[in-house]
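Colleague: Before I use the labels attached to this model, I would like to hear what stands behind them. Please go through them one at a time.

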Amino acid sequence: MIDDRRLQLADAALGVLATAGARGLTHRAVDRVAALPEGSTSYYFRTRAALLRACAARLGERTMTVVNPLAAGADLDDSELAQLAALAVQTWTANGGVLVLARHELLLESAHHPETRRILDAATEHIRALVEQRVQALGIPEAAERTADLIACLDGLALACAVRGVVDEDSQRRSVMRIVAGLLDRRD
């Protein structure tokens, strides 16, 4: 029950970050979004720093569920990798872009909260390593640089879609396909 409540509060906090920004992230705001009695969030996360760490950890968990297929043993071709990238961007921009907006708020906050930064960096590094392994398996030269570029471009696309608040999934998918095709072009 405690773990369920912590997850509920962390998810609510991600929603607060996405809709109200870092300044709006308060224990009371999370209580309201989670529809729990006042004081619930502060019971589980005594400080704002603890709440930020919980948000970073939960964001990493939710993102990993999207990228877990990269860890599967089966080889992926360019098209399958592009499809997974499109699914990731679609997930990050779903529900008003909660995940990508919360992520960027957390990134800014992490400049002042080193432990939050470590949690975000660990999740990012894990995802980067999974993507890089797949890019290498495709025989793409300069896999590390291309992976970094690919992740940055997809993150930028997701952020732009979330900020605009309008997501045409077909257009978004085509954009992802162009990004993946361009960055993984073997002719470079």
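Colleague: What makes Asp-11 count as buried, partly exposed or exposed?

Modeller: Buried means under 20% relative accessible area, exposed means over 50%, and partly exposed is in between, with a 1.4 Å probe and protein chains only. Asp-11 has 24% relative accessibility, so Asp-11 counts as partly exposed. Keep in mind that this is a predicted model, in which local features need pLDDT of at least 70 and side-chain atom pairs count only at pLDDT 80 or more, while totals for chains, interfaces and linings use all residues. Residues are numbered from 1 along each chain as its sequence is written, and side-chain values use heavy atoms, with hydrogens and water left out.

Colleague: Why is the pair Arg-62 and Asp-11 called a salt bridge?

Modeller: The term requires a side-chain nitrogen of Lys or Arg within 4 Å of a carboxyl oxygen of Asp or Glu. For the side chains of Arg-62 and Asp-11 the N to O distance is 3.2 Å, and they meet in a salt bridge. Arg-62 lies in helix α4 (residues 48-67) and Asp-11 in helix α1 (residues 2-20), so the pair ties together parts that are 51 residues apart in sequence. Helices here are DSSP runs of H or I with at least four residues, numbered from the N terminus. Arg-62 has a relative accessible area of 24%, so Arg-62 is partly exposed.

Colleague: Which residues are linked with this pair in a network of salt bridges?

Modeller: The network links Asp-11, Arg-58, Glu-61 and Arg-62. By this rule the count of salt bridges comes to 10.

Colleague: What ties Glu-109 to Arg-48?

Modeller: A salt bridge, with the closest N and O atoms 2.9 Å apart. Glu-109 lies in helix α5 and Arg-48 in helix α4, so the pair ties together parts that are 61 residues apart in sequence. The two ends carry their own labels: Glu-109 has a relative accessible area of 16% and is therefore buried, whereas Arg-48, at 28% relative accessibility, counts as partly exposed.

Colleague: Where do Glu-115 and Arg-118 lie?

Modeller: Both lie in helix α6, 3 residues apart, about one turn of the helix. At 34% relative accessibility, Glu-115 counts as partly exposed.

Colleague: How are α6 and α7 placed relative to each other?

Modeller: The axes of α6 (residues 114-137) and α7 (residues 143-164) come within 9 Å and cross at roughly 125°. α6 and α7 are therefore oblique to each other. In the contact (heavy atoms within 4.5 Å), Arg-128, Val-131, Glu-132, Val-135 and Gln-136 in α6 meet Ala-143, Ala-144, Thr-147, Leu-150 and Ile-151 in α7. By class, this contact has 6 nonpolar, 2 polar and 2 charged residues.

Colleague: How do you know whether Glu-132 is buried or exposed?

Modeller: Glu-132 has a relative accessible area of 14%, so Glu-132 is buried. Not counting residues up to four places away in sequence, Glu-132 touches Ala-143, Ala-144 and Thr-147.

Colleague: What makes Glu-142 count as buried or exposed?

Modeller: Its relative accessibility is 54%, so Glu-142 counts as exposed. Glu-142 lies in the loop between α6 and α7. Its phi is near 55°, a positive value in a residue other than glycine.

Colleague: And what is the phi of Asn-95?

Modeller: Phi of Asn-95 is near 55°, a positive value in a residue other than glycine. Asn-95 lies in helix α5 (residues 78-110). At 67% relative accessibility, Asn-95 counts as exposed.

Methods. Axes are lines fitted to C-alpha atoms, for helices over the stretch in contact, and angles run from 0 to 180 degrees between N-to-C directions. Helices (H or I, at least four residues) and strands (E, at least two) are DSSP runs, numbered from the N terminus. Angles under 35 degrees count as roughly parallel, over 145 as roughly antiparallel, 65 to 115 as roughly perpendicular and the rest as oblique. Ala, Val, Leu, Ile, Met, Phe, Trp, Tyr, Cys and Pro count as nonpolar, Asp, Glu, Lys and Arg as charged, and the others, Gly among them, as polar.
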